[in-house]
Amino acid sequence: VIEDDLLLSPVALEYFSAGLDAFEHEDRVKAVCGYMYRLDEPAPEHRAFFLPFASSWGWATWRRAWEPFVAEQGRLTEKAKDRQFLRQFDKQGIIAASTMLKAQQQGLIDSWAILWNAFLAETDGLALFPAETMVLNGGFAEAGATHSSRGNPINRMLVRLGQGRELADTFQMPSQATPDEVMRRRVVNCTEPRLHRLSAL
(Lines give C-alpha, C1' and ligand atoms only; values in the text may rest on other atoms or scores of the structure.)
Protein backbone atom coordinates (compact mmCIF):
# COMPACT_ATOMS: atom_id res chain seq x y z
CA VAL A 1 0.00 0.00 0.00
CA ILE A 2 1.88 3.03 -1.30
CA GLU A 3 0.13 6.39 -1.39
CA ASP A 4 1.04 8.91 -4.06
CA ASP A 5 2.76 11.33 -1.66
CA LEU A 6 5.26 8.77 -0.33
CA LEU A 7 8.92 8.89 -1.33
CA LEU A 8 10.52 5.47 -1.66
CA SER A 9 14.04 4.15 -1.29
CA PRO A 10 15.42 2.59 -4.50
CA VAL A 11 15.35 -0.74 -2.65
CA ALA A 12 11.91 -0.31 -1.02
CA LEU A 13 10.02 -2.64 -3.35
CA GLU A 14 12.77 -5.24 -3.02
CA TYR A 15 12.49 -4.93 0.78
CA PHE A 16 8.68 -5.35 0.72
CA SER A 17 8.93 -8.38 -1.56
CA ALA A 18 11.67 -9.96 0.55
CA GLY A 19 9.60 -9.54 3.70
CA LEU A 20 6.47 -10.94 2.08
CA ASP A 21 8.39 -13.96 0.82
CA ALA A 22 10.35 -14.63 4.01
CA PHE A 23 7.39 -14.51 6.41
CA GLU A 24 4.51 -15.62 4.19
CA HIS A 25 3.75 -18.62 6.39
CA GLU A 26 4.35 -16.96 9.77
CA ASP A 27 0.77 -16.37 10.88
CA ARG A 28 1.81 -14.07 13.70
CA VAL A 29 3.38 -11.65 11.19
CA LYS A 30 0.66 -9.38 9.83
CA ALA A 31 2.54 -6.67 7.93
CA VAL A 32 5.79 -5.51 6.36
CA CYS A 33 6.19 -1.80 7.14
CA GLY A 34 8.48 0.55 5.21
CA TYR A 35 8.60 3.54 7.54
CA MET A 36 11.02 3.74 10.46
CA TYR A 37 10.93 6.49 13.04
CA ARG A 38 13.94 8.73 13.40
CA LEU A 39 16.33 7.11 15.86
CA ASP A 40 19.77 8.22 16.99
CA GLU A 41 21.20 4.97 15.65
CA PRO A 42 19.67 2.24 13.47
CA ALA A 43 19.03 -1.29 14.66
CA PRO A 44 22.12 -3.46 15.28
CA GLU A 45 23.74 -4.73 12.08
CA HIS A 46 21.18 -2.67 10.14
CA ARG A 47 18.86 -5.67 10.39
CA ALA A 48 15.07 -5.39 10.08
CA PHE A 49 13.13 -6.34 13.22
CA PHE A 50 9.64 -7.05 14.52
CA LEU A 51 7.39 -4.78 16.60
CA PRO A 52 3.88 -5.36 18.00
CA PHE A 53 2.32 -2.52 15.97
CA ALA A 54 2.22 -1.31 12.38
CA SER A 55 2.84 1.92 10.50
CA SER A 56 0.48 3.09 7.75
CA TRP A 57 3.14 4.94 5.72
CA GLY A 58 4.07 2.40 3.06
CA TRP A 59 3.41 -1.23 3.93
CA ALA A 60 2.43 -4.64 2.63
CA THR A 61 0.45 -7.60 3.88
CA TRP A 62 -0.99 -10.96 2.86
CA ARG A 63 -4.57 -12.01 2.13
CA ARG A 64 -4.34 -14.38 5.13
CA ALA A 65 -3.93 -11.34 7.44
CA TRP A 66 -6.06 -8.72 5.68
CA GLU A 67 -9.27 -10.64 5.06
CA PRO A 68 -9.81 -11.64 8.72
CA PHE A 69 -9.16 -8.02 9.72
CA VAL A 70 -11.74 -6.66 7.26
CA ALA A 71 -14.32 -9.10 8.58
CA GLU A 72 -13.70 -7.98 12.19
CA GLN A 73 -13.62 -4.18 11.87
CA GLY A 74 -17.04 -3.63 13.44
CA ARG A 75 -16.24 -5.85 16.39
CA LEU A 76 -12.80 -4.27 16.80
CA THR A 77 -14.43 -0.83 17.01
CA GLU A 78 -16.51 -2.07 19.93
CA LYS A 79 -13.32 -3.12 21.76
CA ALA A 80 -13.19 0.56 22.79
CA LYS A 81 -15.61 -0.46 25.57
CA ASP A 82 -13.34 -3.25 26.84
CA ARG A 83 -11.09 -1.84 29.58
CA GLN A 84 -8.89 -4.91 29.77
CA PHE A 85 -8.27 -4.80 26.03
CA LEU A 86 -7.53 -1.07 26.13
CA ARG A 87 -4.84 -1.63 28.75
CA GLN A 88 -3.29 -4.29 26.52
CA PHE A 89 -3.62 -2.04 23.47
CA ASP A 90 -1.84 0.86 25.15
CA LYS A 91 1.11 -1.44 25.90
CA GLN A 92 2.01 -1.29 22.21
CA GLY A 93 3.25 2.17 23.12
CA ILE A 94 3.56 3.80 19.71
CA ILE A 95 0.35 5.87 19.76
CA ALA A 96 -2.34 6.96 22.20
CA ALA A 97 -4.07 3.71 21.28
CA SER A 98 -7.03 3.60 23.64
CA THR A 99 -7.78 7.30 23.10
CA MET A 100 -7.85 6.84 19.34
CA LEU A 101 -9.93 3.66 19.46
CA LYS A 102 -12.50 5.39 21.68
CA ALA A 103 -12.60 8.30 19.22
CA GLN A 104 -13.15 5.82 16.39
CA GLN A 105 -16.00 4.16 18.28
CA GLN A 106 -17.60 7.56 18.96
CA GLY A 107 -17.33 8.62 15.31
CA LEU A 108 -14.87 11.44 16.05
CA ILE A 109 -12.25 9.99 13.70
CA ASP A 110 -12.38 7.59 10.75
CA SER A 111 -9.18 5.55 10.78
CA TRP A 112 -8.69 2.04 9.45
CA ALA A 113 -5.13 2.26 10.86
CA ILE A 114 -6.22 2.36 14.50
CA LEU A 115 -8.39 -0.71 13.86
CA TRP A 116 -5.51 -2.46 12.10
CA ASN A 117 -3.32 -1.87 15.14
CA ALA A 118 -6.15 -3.09 17.40
CA PHE A 119 -6.22 -6.25 15.28
CA LEU A 120 -2.49 -6.74 15.85
CA ALA A 121 -2.95 -6.21 19.58
CA GLU A 122 -5.81 -8.70 19.81
CA THR A 123 -4.05 -11.39 17.77
CA ASP A 124 -0.58 -10.87 19.31
CA GLY A 125 0.50 -9.86 15.82
CA LEU A 126 3.83 -8.49 14.64
CA ALA A 127 4.97 -6.16 11.88
CA LEU A 128 8.38 -6.13 10.24
CA PHE A 129 10.21 -2.78 10.27
CA PRO A 130 13.44 -1.79 8.48
CA ALA A 131 16.49 -0.66 10.44
CA GLU A 132 16.41 2.60 8.47
CA THR A 133 13.39 4.06 6.75
CA MET A 134 12.43 2.90 3.28
CA VAL A 135 9.69 5.53 3.07
CA LEU A 136 9.26 9.24 3.69
CA ASN A 137 5.90 11.00 3.66
CA GLY A 138 6.16 13.98 1.32
CA GLY A 139 2.58 15.11 1.95
CA PHE A 140 2.29 14.92 5.71
CA ALA A 141 0.74 18.08 7.18
CA GLU A 142 0.48 19.74 3.76
CA ALA A 143 -2.61 21.62 2.65
CA GLY A 144 -5.25 19.09 1.68
CA ALA A 145 -3.74 16.21 3.67
CA THR A 146 -6.47 13.84 4.79
CA HIS A 147 -5.77 13.70 8.54
CA SER A 148 -3.30 16.47 9.30
CA SER A 149 -2.35 20.04 8.52
CA ARG A 150 0.50 22.47 9.07
CA GLY A 151 -1.80 24.56 11.24
CA ASN A 152 -1.31 22.07 14.06
CA PRO A 153 1.86 23.03 16.00
CA ILE A 154 2.66 19.38 16.74
CA ASN A 155 2.44 18.58 13.04
CA ARG A 156 4.85 21.43 12.31
CA MET A 157 7.31 19.86 14.75
CA LEU A 158 6.87 16.48 13.08
CA VAL A 159 7.55 18.03 9.68
CA ARG A 160 10.78 19.55 10.99
CA LEU A 161 11.84 16.16 12.38
CA GLY A 162 11.48 14.69 8.91
CA GLN A 163 13.61 17.29 7.16
CA GLY A 164 17.00 16.14 5.92
CA ARG A 165 16.30 12.45 6.39
CA GLU A 166 17.86 9.99 3.99
CA LEU A 167 16.30 6.79 2.71
CA ALA A 168 17.89 3.40 3.30
CA ASP A 169 19.88 1.93 0.42
CA THR A 170 20.24 -1.59 1.82
CA PHE A 171 18.54 -3.98 4.24
CA GLN A 172 18.91 -7.32 5.99
CA MET A 173 16.08 -9.61 6.99
CA PRO A 174 15.87 -11.13 10.50
CA SER A 175 16.10 -14.89 10.73
CA GLN A 176 13.17 -15.34 13.15
CA ALA A 177 9.76 -13.73 13.60
CA THR A 178 10.17 -12.70 17.23
CA PRO A 179 9.40 -9.29 18.79
CA ASP A 180 12.39 -7.09 19.59
CA GLU A 181 11.64 -5.54 22.98
CA VAL A 182 14.84 -3.46 23.01
CA MET A 183 13.93 -1.85 19.69
CA ARG A 184 10.30 -1.43 20.76
CA ARG A 185 11.42 0.63 23.76
CA ARG A 186 13.82 2.65 21.60
CA VAL A 187 11.10 3.41 19.07
CA VAL A 188 8.30 4.32 21.49
CA ASN A 189 10.61 6.58 23.51
CA CYS A 190 12.03 8.57 20.60
CA THR A 191 10.74 12.07 19.89
CA GLU A 192 8.43 11.36 16.96
CA PRO A 193 6.11 8.81 18.64
CA ARG A 194 5.98 10.98 21.73
CA LEU A 195 4.63 13.81 19.55
CA HIS A 196 2.15 11.46 17.85
CA ARG A 197 0.82 10.35 21.23
CA LEU A 198 0.53 13.95 22.37
CA SER A 199 -1.34 14.99 19.21
CA ALA A 200 -4.03 12.35 19.89
CA LEU A 201 -4.83 13.55 23.40
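Me: Let's start with H46: what is its relative accessible area?
Reply: This is a predicted model, where local features need pLDDT of at least 70, side-chain atom pairs count only at pLDDT 80 or more, and totals for chains, interfaces and linings use all residues. Residues are numbered from 1 along each chain as its sequence is written, and side-chain values use heavy atoms, with hydrogens and water left out. Buried is under 20% relative accessible area, exposed is over 50%, and partly exposed is in between (1.4 Å probe, protein chains only). H46 counts as partly exposed, as its relative accessible area is 38%.

Me: And where does H46 sit in the chain?
Reply: Helices (H or I, at least four residues) and strands (E, at least two) are DSSP runs, numbered from the N terminus. H46 has a positive phi, near 55°, in a residue other than glycine. Its place is the loop between β2 and β3.

Me: D124 has a positive phi too; what is it near?
Reply: D124 belongs to the loop between α6 (112-123) and β5. It's partly exposed, with a relative accessible area of 47%. D124 isn't a glycine, yet its phi is positive, near 60°.

Me: How many residues of its lining are charged?
Reply: The largest cavity holds about 50 Å³ of space, and its lining includes H46, A48, P130, E132 and F171. Ala, Val, Leu, Ile, Met, Phe, Trp, Tyr, Cys and Pro count as nonpolar, Asp, Glu, Lys and Arg as charged, and the others, Gly among them, as polar. The lining divides into 6 nonpolar and 3 polar residues, and the number of charged ones is 1.

Me: Over to helix α1: within what arc do its buried residues fall?
Reply: Helix α1 covers residues 12-22, and its buried residues are A12, Y15, F16 and G19. They line one face of the helix, because their directions, seen down the axis of α1, fall within an arc of 100°.

Me: Which residues are exposed on the other side of α1?
Reply: The buried residues of α1 have cover that includes β1 (6-8), β2 (29-33), β4 (59-60), β5 (126-129) and β6 (135-137). On the other side of the helix, the exposed ones are L13 and D21.

Me: How many disulfides are there?
Reply: C33 is buried at a relative accessible area of 0%, and C190 is buried at 10%. A disulfide is a pair of cysteine sulfur atoms within 2.5 Å. By that rule, the number of disulfides is 0.

Me: How far apart in space are D40 and C190?
Reply: D40 is found in the loop between β2 and β3. D40 is exposed, with a relative accessible area of 82%. Along the sequence, D40 and C190 are 150 residues apart, but C-alpha to C-alpha the gap in space is 8.5 Å.

Me: What about F49 and Q176: how far apart in space are they?
Reply: F49 lies in strand β3 and is buried, at 4% relative accessibility. Contact means heavy atoms within 4.5 Å; leaving aside neighbours within four places in sequence, F49 is in contact with residues including M36, A43, F129 and M183. F49 and Q176 are 127 residues apart in sequence, and their C-alpha to C-alpha distance is 9.0 Å.

Me: And what separates the C-alpha atoms of S55 and I114?
Reply: S55 is in the loop between β3 and β4 and is buried, with a relative accessible area of 6%. Beyond its neighbours within four places in sequence, S55 is in contact with C33, Y35, Y37 and F129. S55 and I114 are 59 residues apart along the chain, and the separation of their C-alpha atoms is 9.9 Å.

Me: Finally, what share of the residues in the protein is buried?
Reply: The protein has 9 helices and 6 strands. Of contacts between residues at least 6 apart in sequence, 80% join residues at least 24 apart. Out of 201 residues, the buried share is 47%.

Notes. The arc is that of the directions from the helix axis to the C-beta atoms. On a 1 Å grid over the protein atoms alone, a cavity is a set of points where a 1.4 Å probe fits but cannot get out, and a pocket is an open set with protein on both sides within 12 Å along at least five of seven lines; lining residues have an atom within 4 Å of a point. Grid points are joined across faces, edges and corners, and a volume is the space filled by probe spheres set on the points.
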